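Reader: I would like to go through this model one feature at a time. Please show me how to read each one.

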Amino acid sequence: MAEIILNGRSVKTEAADMAELKQQTYDREGLSEETQKQCVWIVEGFQTDENLPLKDGMTINWIQKGKMPNREEMESMLCARHTPHVYEKAKKARVAIAGLGGLGSNIAIMLARTGIGHLHLIDFDIVEPSNLNRQQYMVEHLGMYKTEALKDELQRMNPYVEVQIDTVRITEENCRDLFKEDDIICEAFDKPDVKAMLTEQILCYYPEKTLICGSGMAGYGPSNTIRTRKINDHFYICGDGVSGAMPGRGLMAPRVTICAAHEANMVLRCVLGLDADDIDI
Amino acid sequence: MIKVNGEMLEIAEGTTVAAFLKAHGYPDKMIAVECNGAIVPRSTWEEAILKNGDTVEVVRFVGGG
């Protein structure tokens, strides 16, 4: 008899291995052979068809492909695909994303997929055709506010993430109020003076919050010059620091996305209590 | 001597943050200045005086996002 966690619930089973557990489950659910072939099994965060022996405390998830899971199953599936303690912490985090262009739209999507529980999206602008070269919007979003278009996309990816939107321009005057409830703030603006303004305001009013900025990701220079630099315990900058957007050096999807991934991974690392360069694999 | 972005620099006594930034050609709207781990708000640059032993970080932003 093993006590395992099956789709988020602790259960005792007589099954000795995965093959027996699958058979018991299929019998209980009355699944046809055809449906059984559509089932995916994830053992300790890893999708496998291997007939592993069951041990106490194992986390096992299964799902029928193409079937909409309920909230509990969905969370359990997401959790199963991360290392379990990661998801618990991610779920409690509150992260703001200031600017929803190439950096912000990518950061938001990565964080929603990671299971960050509360995302606060802020942008004043609408989606326009020139955004589609690097920003995560679709043709049908043209003319919509980025906040609304992105919220819609995130909820299609993970309907259980809480998404709060503010369709406003971020200024010196409203900074303090806007970010009151957020633990971690991702700066994802385009203009360098606005990046500097937000940095100053956040570090001044909220030195205890964590600020993660992006600077230097235009063009098609080397991927490996984009890095995450720690300025102090609550302040990190991602990018190569020098490649500004200018005529002849546009913003392109690959490097902007690399930089966005640096910001998103730094968010995750902060949530897990890790610094920019700590090694904990 | 003060340390700016990891580099040791000699400064004259009484140098303000504003004077230092101007002398070193920093684009003032695109930077944030931290001194000994605390932000130095733009509104105080004219009065804030750099002292011997200060560790300064001038964070310079470039456009794009």
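Reader: Is the crossing of H5(A) and H6(A) right-handed or left-handed?

Author: The model is predicted. The crossing of H5(A) and H6(A) is right-handed.

Reader: At roughly what angle do the axes of helix H5 and helix H6 of chain A cross?

Author: Helix H5 (residues 102-114) and helix H6 (residues 146-157) of chain A cross at roughly 25 degrees, and their axes come within 10 Å. Angles under 35 degrees count as roughly parallel, so H5(A) is roughly parallel to H6(A).

Reader: Which residues in H5(A) meet which in H6(A)?

Author: An α-helix has 3.6 residues a turn, so residues three or four places apart point the same way. On the H5(A) side the residues are A:Ser105, A:Ala108, A:Ile109, A:Ala112 and A:Arg113; they meet A:Leu150, A:Leu154 and A:Met157 in H6(A). By class, this contact has six nonpolar, one polar and one charged residues.

Reader: How many residues of chain B are in contact with chain A?

Author: On chain B there are 16, in contact with 29 residues of chain A. Strand S3 (31-35) and strand S5 (55-60) of chain B are the elements that give two or more residues to this side. S3(B) gives the most, with three residues. The side of chain B that touches chain A has eight nonpolar, four polar and four charged residues.

Reader: How far does helix H1 of chain A reach from its first C-alpha to its last?

Author: Helix H1 (residues 18-29) of chain A has 12 residues and reaches 16 Å, close to the 16 Å expected at 1.5 Å a residue. A:Gly30 follows H1(A), with a positive phi near 65 degrees.

Methods: Residues are numbered from 1 along each chain as its sequence is written. Chains are lettered from A and ligands numbered from 1 in the order in which they are written. This is a predicted model: local features need pLDDT of at least 70, side-chain atom pairs count only at pLDDT 80 or more; totals for chains, interfaces and linings use all residues. Axes are lines fitted to C-alpha atoms, for helices over the stretch in contact, and angles run from 0 to 180 degrees between N-to-C directions. Helices (H or I, at least four residues) and strands (E, at least two) are DSSP runs, numbered from the N terminus. Angles under 35 degrees count as roughly parallel, over 145 as roughly antiparallel, 65 to 115 as roughly perpendicular and the rest as oblique. A crossing is left-handed if the near helix is turned anticlockwise from the far one by less than a right angle, and right-handed if clockwise. Two residues are in contact if their C-beta atoms, placed from the backbone, lie within 7 Å. Ala, Val, Leu, Ile, Met, Phe, Trp, Tyr, Cys and Pro count as nonpolar, Asp, Glu, Lys and Arg as charged, and the others, Gly among them, as polar. The expected span of a helix is 1.5 Å times one less than its number of residues.
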